[in-house]
Amino acid sequence: MVVKFTSNIRQTRLKPMVHISTIFQDFVSLFFPPYCMGCSGHLVKGEEILCTRCLAELPKTHYHHRFENPVINRLAGRLPIRHGWAFLKFQKGGIVQHLLHQLKYNNCPEIGERLGKAYGRELRETSVASEFDLIVPVPLHRSRQRQRGYNQSAHFAKGLSESLQVPWDESISIRTQATASQTRKTRADRWENVRHVFAVETAIPVQGKRILLVDDVITTGATLEASGRHLLDCGCASVSVACIAEAQ
Ligand SMILES: [Zn+2]
């Protein structure tokens, strides 16, 4: 009897709140309809950040189905990784460039989370999801993060974490120096630029952990190499890498 009584109380108290919240959301979207960050078309109920068509047409790499792939090859001999993946192919002028630009420069962190959720769902279809203990985003220097307001890779990590049901932590790895942009640098210069800039507050949270290190774009892999090596030096069991996109 007691259980039934408690259950009734919950229903009568919670149901109207959920109902009101839905009505409020519907009311808001009547005047401010949410639009797709990919094509600017209106989103329908159930769609979030990206419309179904944009999500379906994203240029995916499907690297997680391949034993060998360009991300693994790019880091071969430089960083011993367990898995190496990129969700999307970066094409100049394409939707991925547009989404990454919005994510990094136009105050749209929710794009990172949405892509992380979508990618996590795909990874979950394989057996790899159970192979990680912790998701760690490549950190930004605090001056860059203050300027942007957030770390875009941390939002990708958050989305992956939700789908994979693996905890994430953006406070573990830190960047001790603000480095110049890597965009116009050669591979050797990029490595010199980042090789000594990563640190951890304390090695304890990473020791023995199978870490999934995530970043927005992999170009030469210098940033992932430096950040990953540092985590291995701190005693983690293994490092895997997942990026939103792979630059050609
Ligand atoms: Zn769209």
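Me: What should I know about numbering and confidence before I start?
Reply: The model is predicted, so local features need pLDDT of at least 70 and side-chain atom pairs count only at pLDDT 80 or more, while totals for chains, interfaces and linings use all residues. Residues are numbered from 1 along each chain as its sequence is written, and side-chain values use heavy atoms, with hydrogens and water left out.

Me: In what order do the strands of the open sheet lie, and is the pairing parallel or antiparallel?
Reply: Strands of a sheet pair through backbone hydrogen bonds, either parallel or antiparallel. Two strands pair if DSSP finds at least two bridges between them; strands (E, at least two residues) and helices (H or I, at least four) are DSSP runs, numbered from the N terminus. Here the open sheet has four strands in the order E1-E6-E5-E2, with parallel pairing. Strand E1 (84-89) and strand E2 (134-137) are the edges, each pairing on one side only. From one strand to the next, the twist averages 20°.

Me: How many bridges join E5 to E6?
Reply: Strand E5 (residues 210-218) and strand E6 (residues 238-246) run parallel and are joined by eight bridges. Ile211 stands opposite Val239 in E6, and Val214 stands opposite Ala242 in E6. Between E2 and E5, also parallel, there are four bridges; there, Val136 faces Leu213 in E5.

Me: What is the hand of the crossover from E5 to E6?
Reply: A crossover is right-handed if, with the strands pointing away from the viewer, the path from the first strand over the helix to the second runs clockwise. The chain goes from E5 through H9 to E6, a right-handed β-α-β crossover. Helix H9 (residues 222-233) packs on the sheet, touching E5 and E6, with its direction at about 165° to that of E5. Contact means heavy atoms within 4.5 Å. Angles run from 0 to 180 degrees between N-to-C directions, and axes are lines fitted to C-alpha atoms, for helices over the stretch in contact.

Me: How do H5 and H7 cross?
Reply: The axes of helix H5 (residues 109-124) and H7 come within 6 Å and cross at roughly 35°. By class, their contact has seven nonpolar, six polar and six charged residues. Ala, Val, Leu, Ile, Met, Phe, Trp, Tyr, Cys and Pro count as nonpolar, Asp, Glu, Lys and Arg as charged, and the others, Gly among them, as polar.

Me: Is Leu50 buried or exposed?
Reply: Buried means under 20% relative accessible area, exposed over 50%, and partly exposed in between (1.4 Å probe, protein chains only). Leu50 has 2% relative accessibility and therefore counts as buried. Leu50 lies in the loop between helix H1 (2-31) and helix H2 (52-57). Leaving aside neighbours within four places in sequence, the contacts of Leu50 include Cys36, Leu99 and Leu115. The C-alpha atoms of Leu50 and Gly38, 12 residues apart along the chain, are separated by 6.1 Å. In E5, seven of the nine residues are buried.

Me: What is the phi of Ile49, and of His62?
Reply: Ile49 is not a glycine, yet has a positive phi of about 65°; this residue is in the loop between H1 and H2 and is buried, at 18% relative accessible area. His62 also has a positive phi, near 60°. His62 sits in the loop between H2 and helix H3 (70-75) and, at 39% relative accessibility, counts as partly exposed.
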